[in-house]
Amino acid sequence: MELSQRIAVSYLLFVVVGTVALGVGIFWSTQKFLSTRSENRGLAMVGQATPVVLISCLKHDAEHLQQTVQHLHAKHRLLYGCVTDNSGKYIAHTKQGQLGKRARSEIGKKKSWGDIQTVAFENEKQISILEYKAPLVSGKQNFGTLTMAVINPSIWDTLRSSQDYILIALLFPAAILGAGVIVIQRSIKPLCAIEKQLRYSNSVVNFDRSKFDSISMKGPVANGWNRLVEGLRLGTQSDQKILDAVNHYRQNQVFKILDSLPDGIVVTDSQNVIKLANAAFLNIFEIAEEKAEFVGKSIIEFIRSDGNQEDVEMSLASNSISELSRFSGDSERVLRIARHRMREQNDSECNQQIWTISDITQRKLTEKMRDEFLDSATHELRTPLSNIKAYAETLAISEVLDVEQQKEFCNTINSEATRLARFIDDLLSISNVEAGSLAISRENTEVDRLMREIVEKVRPSMVKKDLEFNIDLPQKTLPSLFIDKDKIQVALVNLMGNAAKYTPKGGRVDVTVKLLEDQIVFSVEDTGIGIAEDEIPKLFDKFFRSDDNLVQNETGTGLGLSLANEIIRLHGGKITVESQKGQGSKFTIFLPAKSEAFA
Amino acid sequence: MSKPKPQILVVEDNRAMARVISVVLESAGYRVTVAFDGEAGWTEATNENFDLIITDQQMPKLNGVDLCRRLRSHDQYKSTPIFMLTAKGLELDLTALKDELGISEVFGKPFSPSMITKYVEQCFVESAVFSS
């Protein structure tokens, strides 16, 4: 039910019920009041009348009695008055023709007031009559009963008689009530309209606050509501604007982030059709951005490279991470392709996939080099070790060897142990270089002596390969250098050792030491196998070894040049390389000629 | 007439290792020839007739496995016993070596020369049994 109806009904109900209750109350008390009053009157009347009649009875005069009763009738305006004797016969009656007849006992409501009895009843004409009966007793003489009947005034009779007036009289309050309902309804009309909207908002599950409407009534309440609604609407609009702006910003941010990543990121549907791809992806697969030809195509098309189509499909179908080689131009790249399921916010199974494509060529290369290094290192460690063990064991079996042989064997064990130790030193140095903790401890070093020691160290390897070994030191005595003697020695020995290793039999190695302004320049030049132009930049990389067969045939760990380079760098110097493949190489070390400076 | 001592070819690029093996084998009564790389080993093998070949795996020019392949494709060495020395140890696919190339024994470095001698002797005993 609408509010206005409810209020109208409540109003009518309470007012009417209240009024009716009030009316009934008033009615009832009036009724009570009237009846009590009339009873009292009647009793008084009977009380007065009884002695008078008694006196008349004592006279034993029937006519006198009759007159007395008549007199009473007139005085008190009775309906009728009578006296009955003890046998119940009328001996006096104000109604004609009743004398001598038997008195009827009327049926009705009986009451006694002392010895006065009252009966209230209705006669044939439906008039309410109240009969008062008092015993006529004087001393021991009982003459009978005095009966006086009056019309019982009841409200009902009044009402009945004034029916028409009452109806007209009720019209006025009814009209007031009606007017009241209308006034109330009018004044609460805006509230009802508001209440309607509020109820509606309560009934709908996802109520949008901008759905509140303005109302068409006038007045302060209606105006106030309309203002409120307008405010809500504006609020919602500006909220929406803010939300849009935030979303826009986030999207832009997200795209910026995606395009800044080095890995390719692609979003596809369950059929691998591209929905979104970042800049890195376009780069990797050399797709021009303006063409935007990737949207709508399957990502598999791009991943495929000539010749491995089925492999790609199979690999991608069965694994969520695959590594594939891809040729672009004449360079081969290795790509790591991973597929992930896209997570939806409501945790439902989503069909979209996110692909990440990383270029792991460098990593693969590093791994390959590391594996090669490990191979080399293992070999370099096991070889002297095997020799030591074999020689020692053989030595122990004394029958096998003669004294000369025993000596020879012991020497071999010694030199193999030294070789092993040196290699382990190299390994440790390299690991220090790795950790950045290779330290140099400088001391004053005479270059001449240094060179002499170095030359003695490397001479055997030169001799073994029949190499022409030339040392060119300047005429002047070289200044002493403030350097880490051992480490510099390692670097120089390394360069010369390489020269010897990679120069075929009968070749030549030239070592030169020069003083150039404030630098000392050492150079080692050979007529060896040389270095390819594209390998020179990588020469000083850790573990780097040329793929060239001639190099691979020699044992080496790829650490020597890296170590030498680091040592020279720590001294503030540099190493340069000039080389021609097939003709030879020249390595030059430039060292600042410091002597106990900046100590 | 005493049988001629069996001739063994040792192909090993590490001079010291080659030396100790040949010393030990020679003192056990065998004739030993040494080659210092795969190619040289092949040359020697084709020049003479060897009853056993002991070869290292990692060598310049021609590695041990390739040398074996070559030997096996040669009539002369189709079924000659071959031992392999290797620093790779467990990394090599031993079953492939044994099945495919018929390499009788593989010794991982470091090894004991006397152990090799024992296997060599065993090898010749077996072949003697078969030949007689």
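Q: Two strands pair if DSSP finds at least two bridges between them. Which strands of chain A form an open sheet of mixed pairing, and in what order?
A: In this predicted model, 5 strands of chain A form that sheet, in the order S13-S15-S16-S18-S17. Strand S13 (468–472) and strand S17 (574–580) are the edge strands, as each pairs on one side only. From one strand to the next, the twist averages 10°.

Q: How do you know that S13(A) and strand S15 (residues 508–516) of chain A pair, and in which sense?
A: The pair needs at least two bridges. S13(A) and S15(A) have 5 bridges, in the parallel sense, so they count as paired. One place to look is Asn470(A), whose bridge partner in S15(A) is Asp510(A).

Q: Which strands of chain A does helix H12 (residues 447–464) lie across, and at what angle to S13(A) does H12(A) run?
A: H12(A) lies across S13, S15 and strand S16 (519–526) of chain A, and runs at about 175° to S13(A). Angles over 145 degrees count as roughly antiparallel, so the 175° of H12(A) to S13(A) falls in that class.

Q: How many bridges pair strand S3 (residues 109–113) of chain A with strand S4 (residues 116–122) of chain A, and in which sense?
A: There are 5 bridges between S3(A) and S4(A), in the antiparallel sense; the threshold is two. Lys111(A) has Thr118(A) in S4(A) as its bridge partner. The two strands form a hairpin with 2 residues between them, and Gly114(A) in the turn has a positive phi of about 65°.

Q: What joins S4(A) to strand S5 (residues 128–138) of chain A?
A: They pair in the antiparallel sense over 6 bridges. Gln117(A) stands opposite Lys133(A) in S5(A). S4(A) and S5(A) also form a hairpin, with 5 residues between them, and Gln126(A) in the turn has a positive phi of about 65°.

Q: Are Cys82(A) and Cys192(A) buried or exposed, and what value decides for each?
A: Cys82(A) has a relative accessible area of 2% and Cys192(A) one of 10%. The limit for buried is under 20%, so Cys82(A) and Cys192(A) are buried.

Q: How many disulfides does the structure hold?
A: The structure holds 0 disulfides over all chains. A disulfide is a pair of cysteine sulfur atoms within 2.5 Å.

Q: At what angle do helix H11 (residues 403–435) of chain A and helix H1 (residues 15–27) of chain B pack?
A: The angle is about 150°, with the axes 12 Å apart. That makes H11(A) roughly antiparallel to H1(B), because the cut-off is over 145 degrees. The crossing of H11(A) and H1(B) is left-handed. Gln405(A), Glu408(A), Phe409(A) and Thr412(A) in H11(A) meet Ala16(B), Arg19(B), Val20(B) and Val23(B) in H1(B).

Q: What is the strand order of the open sheet in chain B?
A: The order is S2-S1-S3-S4-S5, 5 strands with parallel pairing. Strand S2 (31–35) and strand S5 (105–108) of chain B are at the edges: each has a single partner strand, so one side of each is left without a neighbour in the sheet. Neighbouring strands are turned by 15° against each other on average, direction ignored.

Q: How many bridges join strand S4 (residues 82–86) of chain B to S5(B)?
A: 4 bridges join S4(B) to S5(B), which run parallel. In S5(B), Val106(B) is the bridge partner of Met84(B). Helix H3 (residues 64–73) of chain B packs on the sheet, touching S1, strand S3 (52–56) and S4 of chain B, and its direction makes about 170° with that of S4(B).

Definitions and conventions. Residues are numbered from 1 along each chain as its sequence is written. Chains are lettered from A and ligands numbered from 1 in the order in which they are written. This is a predicted model: local features need pLDDT of at least 70, side-chain atom pairs count only at pLDDT 80 or more; totals for chains, interfaces and linings use all residues. Side-chain values use heavy atoms; hydrogens and water are left out. Buried means under 20% relative accessible area, exposed over 50%, partly exposed in between (1.4 Å probe, protein chains only). Axes are lines fitted to C-alpha atoms, for helices over the stretch in contact, and angles run from 0 to 180 degrees between N-to-C directions. Contact means heavy atoms within 4.5 Å. Angles under 35 degrees count as roughly parallel, over 145 as roughly antiparallel, 65 to 115 as roughly perpendicular and the rest as oblique. A crossing is left-handed if the near helix is turned anticlockwise from the far one by less than a right angle, and right-handed if clockwise.
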